[in-house]
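Here are my notes on the structure, as numbered points. Please read them with the model open beside you.

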Amino acid sequence: MASPHAREEIAFRITRTFPHPRERVFRAWTEPEALKQWFAPTDDYTTTVPVFELRPGGGYRVEMRHKGGNVHTVAGAFREVKAPERLVYTWKWVDQPDAVETLVTVQFRERGGSTEVALTHELFPSEAARDEHDKGWTGCLDRLARSL
């Protein structure tokens with residue numbers, strides 16, 4: 001029998017260090033124009049950000065359009081916004097009827113002129129869903145490194 005906390009256990013964490021000040025890295029996550037430059041798993045996507053209300057309770061919506069025509073849309077709400085230290089927000093795929101809401105926490109730590117970003121994504125319904133998101137975030141963070 002599954003424990004009542006089984007979804008919490010299906011999570012991953014990625015840590016990356018960027019050679020830029022924390023405020024600059026935080027802005028890349030919190031300004032729609034900057035977010036559009038890197039927020040997709042590969043360069044085969046064009047990203048738009050039609051909704052972005054950066055405040056606790058505020059919503060966001062990000063649309064990633066693949067060059068083949070498919071559009072993947074994620075939306076959610078900010079639970080915590082503590083500039084330039086921490087973001088917590090819900091995550092749900094709009095275009096997948098069976099998608100469940102998950103939770104993303106991003107911490108920004110100063111590291112001697114660089115910024116360590118620790119991203120935790122949790123509450124996945126399965127290991128397969130976790131692994132797909134881990135792959136997607138890895139691509140996003142690679143693109144973030146190039147865009148900064």
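1. In this predicted model, the protein chain has 4 helices and 7 strands. Their order along the sequence is α-β-α-α-β-β-β-β-β-β-α.

2. The C-alpha trace of the protein chain spans about 50 × 35 × 25 Å along its principal axes. A compact globule of 148 residues would have a radius of gyration near 15 Å, and the protein chain agrees with that, at 15 Å.

3. Of the 148 residues in the protein chain, 42% are buried. Contacts between residues at least 6 apart in sequence were also examined, and 46% of them join residues at least 24 apart.

4. The protein chain exposes about 7,900 Å², of which carbon and sulfur atoms supply 48%. It carries 21 positive and 22 negative side chains, and the centres of these two sets lie 3 Å apart.

5. How many aromatic pairs does a search of the whole structure find? There are 14. One of them is Trp29 with Trp137: the ring centres are 5.8 Å apart and the planes are at 20 degrees, so this pair is stacked. Trp29 is in helix α2 and Trp137 in helix α4, 108 residues apart. Trp29 counts as buried at 3% relative accessibility, and Trp137 counts as buried at 2%.

6. Phe39 and Trp91 form a tilted pair, because their ring centres are 6.1 Å apart and their planes are at 50 degrees. Phe39 lies in the loop between α3 and β2, and Trp91 in strand β5, so the pair ties together parts 52 residues apart in sequence. Phe39 is buried at 4% relative accessibility, and Trp91 is buried at 5%.

7. Ring pairs link these four residues into a cluster that also includes Phe26, Trp38, Trp93 and Phe108.

How values were computed:
Residues are numbered from 1 along each chain as its sequence is written. This is a predicted model: local features need pLDDT of at least 70, side-chain atom pairs count only at pLDDT 80 or more; totals for chains, interfaces and linings use all residues. Side-chain values use heavy atoms; hydrogens and water are left out. Helices (H or I, at least four residues) and strands (E, at least two) are DSSP runs, numbered from the N terminus. The radius of gyration is taken over C-alpha atoms; the globule rule is 2.2 Å times the number of residues to the power 0.38. Buried means under 20% relative accessible area, exposed over 50%, partly exposed in between (1.4 Å probe, protein chains only). Contact means heavy atoms within 4.5 Å. Accessible areas come from the Shrake-Rupley method with a 1.4 Å probe; for residues, only the protein chains shown count as cover. Lys and Arg count as positive and Asp and Glu as negative; His and the chain ends are not counted. The place of a charge is taken as NZ of Lys, CZ of Arg, CG of Asp or CD of Glu. Rings of Phe, Tyr and Trp (its six-membered ring) pair if their centres lie within 6.5 Å; planes under 30 degrees apart count as stacked, over 60 as edge-to-face and the rest as tilted.
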